[in-house]
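Please view the sequence and the model below before reading on.

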Amino acid sequence: MARFRYVPILRWKEGEQDGVRFLQASDRTGIIPIFMLEAEQYKGRKATKTKVAVSSADHFVTQVLKAWGKDPFYLDASGMMPAGGVQHPILAIATSARAQGLQMIPATPLGAPPLYAAAVAAIAGHDRRGVALRVDLQEFSSAASWAGAWPHPLAETDLIADFTTNIGAVAALGSHIQTVFQGLHLGTGWRTVTVAGSSMPPNFSGFTKGLHTIQMENYALWSTLHPAMPYRLDYGDYATPSLGVLPPGISWGYPINARYTIPGQYLICKGVKTIGAGSVDMAPQLVGHANDILTYSGRHRQSGCWADDEIDAIAAGKAPQNLLHWVKIGVNRHLTLLRRIVP
């Protein structure tokens, strides 16, 4: 049984869904993901001559069931704000989740819009699974000023210090950040406490062609913090670049790049464009990335990992498919490895 929970934060897109779906059962133990749902991913299915219409809520819940099954998960739908004061879509999702036996826990940022906050409260009151609260560093360090007004019992609240791409600046605070975490207001009163963030780059414009490594700063920070805490500090991160980060310089013919997680680092496979001077088609570049990963001395191949089997097969001649397929590979490898190295 894992000592620490692993809380990956994932967009609800096809690459992330399939990366999660291909996890083997033993690697799901102790994982409770946060799925971030935006309006563009919340769509139903229209009726056809052979199929009945499926509501947006039912379609989403069916997708979760396929990817994650009936294990507990967090859902943060705070980015979806309906117009006209109608009920928030997360209420319909919760109803559908109950009908299909899913264990959904609503997640929210601090200071969410009233409509969303009311929906979260209604779901928490009905399902009795508590809530997850995502806060930034300023909010985390000032919990004493707002915890008294937080509408949910602390013992039913999973507090997530989500530092997104600011993790490097947080880690640079050194001993001060350890003092902040040790001094968390009513630290042992929260149901769980998690630190999350990412140093995974959204794009590779600053890298030259070839292999590079980037330190996984959030894992290094967690490794430093958790032994000194008066409460259990769980680990969280982003399996793809942090939400809200728009990669600069993306245009047709963009370089073909890949990310691969190794212990404590991200391995960056930087490619070249597919059009213009010095260009190379996508397929041979992806095969090259697979071979580079296969022969990398610090790879730490994981037995039973779908992503590693897929990379080996591509290096051996299987079609490399497309970049979406490599998102699945990157997510699946990241989740598998982190669950195995977080004790």
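## The barrel

In what order do the eight strands close into a barrel? The order is S1-S2-S3-S4-S5-S6-S7-S9, and the pairing is parallel. Two strands are said to pair if DSSP finds at least two bridges between them. Helices (H or I, at least four residues) and strands (E, at least two) are DSSP runs, numbered from the N terminus. Axes are lines fitted to C-alpha atoms, for helices over the stretch in contact, and angles run from 0 to 180 degrees between N-to-C directions.

The model is predicted: local features need pLDDT of at least 70 and side-chain atom pairs count only at pLDDT 80 or more, while totals for chains, interfaces and linings use all residues. Residues are numbered from 1 along each chain as its sequence is written, and side-chain values use heavy atoms, with hydrogens and water left out.

## Strand pairing and helices on the barrel

Phe35 stands opposite Leu75 in S3. Helix H3 packs on this sheet, where H3 touches S3 and strand S4 (104-109); the direction of H3 makes about 160° with that of S4. Helix H9 (residues 217-225) also packs on the sheet, touching strand S7 (192-196) and strand S9 (233-238). The direction of H9 makes about 175° with that of S9. Contact here means heavy atoms within 4.5 Å.

## Helices H3 and H4

Two packed helices are described by the angle between their axes and the distance between the axes. Helix H3 (residues 89-100) packs against helix H4 (residues 114-127) at an angle of about 20°, and their axes are 9 Å apart. H3 is therefore roughly parallel to H4. Angles under 35 degrees count as roughly parallel, over 145 as roughly antiparallel, 65 to 115 as roughly perpendicular and the rest as oblique.

H3 contributes Ile90, Leu91, Ala94 and Arg98 to the contact, and H4 contributes Tyr116, Ala119, Ala122, Ile123, His126 and Asp127. By class, the contact of H3 with H4 has seven nonpolar, one polar and two charged residues. Ala, Val, Leu, Ile, Met, Phe, Trp, Tyr, Cys and Pro count as nonpolar, Asp, Glu, Lys and Arg as charged, and the others, Gly among them, as polar.

## The open sheet

Three strands form an open sheet in the order S8-S11-S10, with antiparallel pairing. S8 and S10 are the edge strands, each of which pairs on one side only. Strand S8 (residues 210-215) pairs with S11 over six bridges, and Leu211 stands opposite Cys269 in S11. Strand S10 (residues 258-262) is joined to S11 by five bridges. Gln265 in S11 is the bridge partner of Ile262 and of Gln215.

Two residues lie between the strands in the hairpin of S10 and S11, where Gly264 takes a positive phi near 80°. Five of the six residues of strand S11 (residues 265-270) are buried, so S11 is largely enclosed by the rest of the structure. Buried means under 20% relative accessible area, exposed over 50%, and partly exposed in between (1.4 Å probe, protein chains only).

## Helices H11 and H12

Helix H11 (residues 306-315) and helix H12 (residues 323-341) pack at an angle of about 135°, their axes being 7 Å apart. H11 is therefore oblique to H12. Among the residues making the contact are Trp306 and Ile311 of H11 and Trp326 and Ile329 of H12. The contact divides into six nonpolar, two polar and four charged residues.

## Loop residues

Most residues other than glycine have a negative phi, and most peptide bonds are trans. Thr164, in the loop between strand S6 (157-162) and helix H7 (167-171), has a positive phi near 40°. Thr164 is partly exposed at 24% relative accessibility. His300 has a positive phi of about 60° and is found in the loop between helix H10 (282-294) and H11. The relative accessible area of His300 is 49%, so His300 counts as partly exposed.

Pro82 lies in the loop between S3 and H3 and is partly exposed at 23% relative accessibility. Leaving aside neighbours within four places in sequence, Pro82 is in contact with Gln87, His88, Pro89 and Leu115.
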